[in-house]
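Q: I have a structure open and want to go through it in pieces. Can you take my questions as they come?

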Amino acid sequence: MCSVRVVTDSTSDLPARVAEEWGISVVPCYVNFGTESYLDQVELSRPEFYRRLASGPVHPTTAAPPAGVFAEVYQGLIQESSGIISIHPPDHFSALRQAAVNGWEMAGGEIPYLALDGGQVSMGLGWIALRLAQAAAGGADVTALEATAAELGARVFVFAALESVEFLRRSGRVGWARGTVGKLLRVRPLLRVHRGDISSLGYVRTRQAAIERLVAQVEGLGDVQSIAVLHSNAPERADEFRQRLAHLRPEEQVLTVNITPVVGTHVGPGAIGIAVVQG
Amino acid sequence: MTNEGETGQAPENVVLCEGRGLKQLLEAGMAWLDHNHQAVNALNVFPVPDGDTGINMLLTMRSALDEIADDESRHVGKIAQKVAHGALMGARGNSGVILSQIWRGFARQIEDLEAFGAREFAAAMREASDTAYKGVVKPVEGTILTVIRQAGEAAETAAQAGDDLTETFGKVVSRCHQAVAETPQLLQVLADAGVVDAGGQGLTLILEGMLRRMRGETVQVDLQLPAAAELEGAMLVHVAEGRYNYDVQFVIKGYDLDTPVIRDKIDSMGDSTLVVGDSNTIKVHVHVDDPGIPISYGVSRGTLVDVVVENMQEQFQEFVRTRAAAEASPVQLLEKPQVEPGQIAVVAVAPGPGLASVLESLGVARVVSGGQTMNPSTEEIVAAMEEIGTDKIIVLPNNKNIIMAAKTACELSGKQARTVPTRTVPQGVSAALALMPDGDLDAVAEAMAEAATEVATGEITTATRDVELNGVKVQNGHYLGLADGQICFAGPDVAEVIRETLDRMEVEDRELLTLYYGTDVTSQDANQTAALAQEWYPHLEVEVVHGGQPHYYYIMSAE
């Protein structure tokens, strides 16, 4: 008896070995520098991406893969699955879910299929995809998994501290970042992603204060089950942050990811964050 | 006053005081304070350009009397109520706020009276004292509070002895002088600075002016402060300014100098005359309108050295000018933050246009201009609160001397308002960053107060007199560094003072240094200072921001 398979995209930041272990298919996004286009993590490493983001004359854009790429992935899975759950970032930030739905129409499978708005980004989305794959391995069907995803959506949080408001403002996707904050004085915005909403947690001026405020946010959730430390090409600061979280979870159980360029483009280099599942 | 005619002469003693009488008394009290307010300003514990107690109390009184300018009511209770309201709205600085509390208590006690006599006056003074004490979270003795309390006690004792209001007032005033003289024994910082308490002195002057009016003595001409106020070591050199504009000092060197002749001549030119010395050296001090007259005369007697001419009106004029400039500030580069009804908005006080812009850029809805030497009134803060389209307000006073006015404004505004008692602009910036407009008011206020504690503040200014405080010898005119409000270093070399102040701010353990430079510093100078700071502390991220504050070369924030 074959099970439901989980598909996500590279914005989930799921490490390759984790995806492989649980049979999760990860569709790569595109990163464009001007007219040059690269497949995320396939043709362009993340350190290289952030190097070019910080120094290059061209501001990168990111793009959802064409529906055809999804269709190919789905076609490869149809024969060996009892259904497919495809989970992606919020619709109002990205066209990924739409591309997935179009790809499914092209693939023309007969098995149950759902494309979900995960309401999350980076490992926030990754944790949901992983839990869904674990539940699917335990025999859950598409309907049960949809309920699981909804329930998880309420418990998954991403908190982040950026180096400045500049990239967020330039991206234009977050209303509260459009004001004047950070124009006269260096400030580091703190933000929370939950159920598709990116909200401001205020601002701090130093990296140390940023870490303390992120830790306080996580502690405020009570028990947490899974922790991933996120960074946009700031591995040393991610290490520091992970050590500061040791009282919540042994360091070896904390995943660390250099976040997806799709998000990195909007937050800029040097950001740190955390994706947790509330207990 | 029942025994007093419209001429204002009151040669006989007063038994009852009704509305118009109180008005006349208060006018006299204000006039007397006005003539002596610079002497009160000089009673500054810190040798820094600071909130001037004399001016703050005077402006508070002026606001109180504006309220009854056209009121000829005989009902003393009604007049007093209006005075209390005016004082409350115009209160500036901590001393002004306490003064307004005094009038509030006074007015409450006589609310229903047509006129008051000695007993009622005593009860009102007692109530004034109680109200003043209640208005302060942690009452400190050796301040205006001690003086009003003793005034109340003296009034009660005197009223029991007889119903003569003038006599009661006289005893009150003489007890006030004594209480003021004793303030340095109660408050170490006063003793260290060699001054008596300025707020207590201001209150005494007001009551004394009132007494002079009752006794039919003039308050319109300059007179020396009574002997009781001339304390050893107190900064009471400028005892009787007001009529004359210039304070002139010089030393005449010559031979066969006739001190009494020169004294008479100098005295005929102005007032506050001090001429001392011997036949070879005479020290001259006089207040005049034309400094050229005494100086020319001095030159005719011998060689002049150590000539100092000070414009005594300048400080007040500068205060007025700075405020006007701040109010007319063209710096409106940034859009004002939008506040929705139900959201929390912040009103902050800032001493310069650059600092105002910084605060606005962080989401502060209204900035009230004011700071070290120009404390905004309660009313200005209330007005700013009322302009905002939400009923949840947090006020950031950003100066220790504005905290009380901010708290009073919160009480008066009719909105749900909280004061986060920030003592410096950097604390205010930190607090503003923690604003969550959609949060719970108390929780947000608490988070902002917490954030304010996370920053160290340094200030670099010029010492305004010689003093030794906190073991630091301060020389007039030298650069002076303060770390979190405490004097930490003084000297002639600005770089050294900055470095020592940074050291005292423990920037070694900090990450980010922000230099807000004032009106007396160019951006090039500020950048050079930043480069120096970077050299001294390579680990720091250093940021240079235009503050535009007067008097303070730099306000520094370390986080």
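Predicted model: local features only at pLDDT ≥ 70, side-chain atom pairs only at ≥ 80, totals over all residues.

Q: Where are the bounds of the domains of chain A?

A: Domain 1 is made of two stretches, 4-29 and 64-153, and domain 2 covers 156-278. Their C-alpha centres lie 25 Å apart. Domain 1 of chain A puts 21 residues into the contact, and domain 2 of chain A puts in 24 residues.

Q: How many salt bridges and polar contacts between domain 1 and domain 2 of chain A?

A: The count of salt bridges between these two domains of chain A is 0. For polar contact, there are 9 residue pairs across the interface of domain 1 and domain 2 of chain A, with both residues at pLDDT 80 or more.

Q: Which elements does domain 1 of chain A use to touch domain 2 of chain A?

A: The elements giving two or more residues to that side of domain 1 are α5 (122-137) and α6 (142-153) of chain A. The largest share, 6 residues, comes from α5(A). By class, that side of domain 1 of chain A has 9 nonpolar, 9 polar and 3 charged residues.

Q: Staying with α5 of chain A, is A:Leu125 buried or exposed?

A: A:Leu125 sits in helix α5 of chain A. Its relative accessible area is 0%, so A:Leu125 counts as buried.

Q: What does A:Leu125 touch?

A: Leaving out residues up to four places away in sequence, A:Leu125 touches A:Thr8, A:Thr11, A:Ser12, A:Ile87, A:His88, A:Pro89, A:Gly118 and A:Gln120.

Q: Where does A:Asp13 sit, and is A:Asp13 buried or exposed?

A: A:Asp13 is in the loop between β1 (4-9) and α1 (16-21) of chain A. A:Asp13 is buried, because its relative accessible area is 4% and the cut-off is under 20%.

Q: And B:Asp484, what is phi there?

A: Phi of B:Asp484 is near 45°, again a positive value in a residue other than glycine. B:Asp484 is in the loop between β14 (479-483) and β15 (486-491) of chain B. At 44% relative accessibility, B:Asp484 counts as partly exposed.

Q: Now chain B as a whole. How many helices and strands?

A: Chain B has 19 helices and 18 strands. Of its 559 residues, 57% count as buried. Take the contacts in chain B between residues at least 6 apart in sequence: 70% of these join residues at least 24 apart.

Q: What is the domain assignment of chain B?

A: The assignment gives domain 1 (17-229), domain 2 (246-311), domain 3 (328-452) and domain 4 (456-558). Between the centres of domain 1 and domain 2 of chain B, taken over C-alpha atoms, the separation is 36 Å.

Q: How many residues of chain B are in contact with chain A?

A: 19 residues of chain B are in contact with 17 residues of chain A. The two chains bury about 1600 Å² between them, 60% of it on carbon and sulfur atoms. B:Ser361, B:Leu433 and B:Glu511 supply 33% of the area that chain B buries against chain A, more than any other three residues.

Q: How many salt bridges between chain B and chain A?

A: The count is 4 salt bridges. One salt bridge joins the side chains of A:Arg188 and B:Glu541, at 3.6 Å from N to O. Chain B and chain A also have 9 residue pairs in polar contact, both residues at pLDDT 80 or more.

Q: Which elements of chain B supply the side that touches chain A?

A: α13 (353-361), α16 (425-433), β16 (512-517) and β17 (541-546) of chain B each supply at least two residues. The largest share, 4 residues, comes from α13(B). The residues of that side of chain B divide into 9 nonpolar, 4 polar and 6 charged.

How values were computed: Residues numbered from 1 in each chain as written. Chains lettered and ligands numbered in written order. Heavy atoms only, no water. Domains from an automatic or database assignment. Contact = heavy atoms within 4.5 Å. Buried area = accessible area lost by both parts, 1.4 Å probe. Polar contact = N/O pair within 3.5 Å; in protein donor to acceptor, adjacent residues only side chain to side chain. Nonpolar A, V, L, I, M, F, W, Y, C, P; charged D, E, K, R; others polar. Buried < 20%, exposed > 50% of the residue type's maximum accessible area, 1.4 Å probe, protein only.
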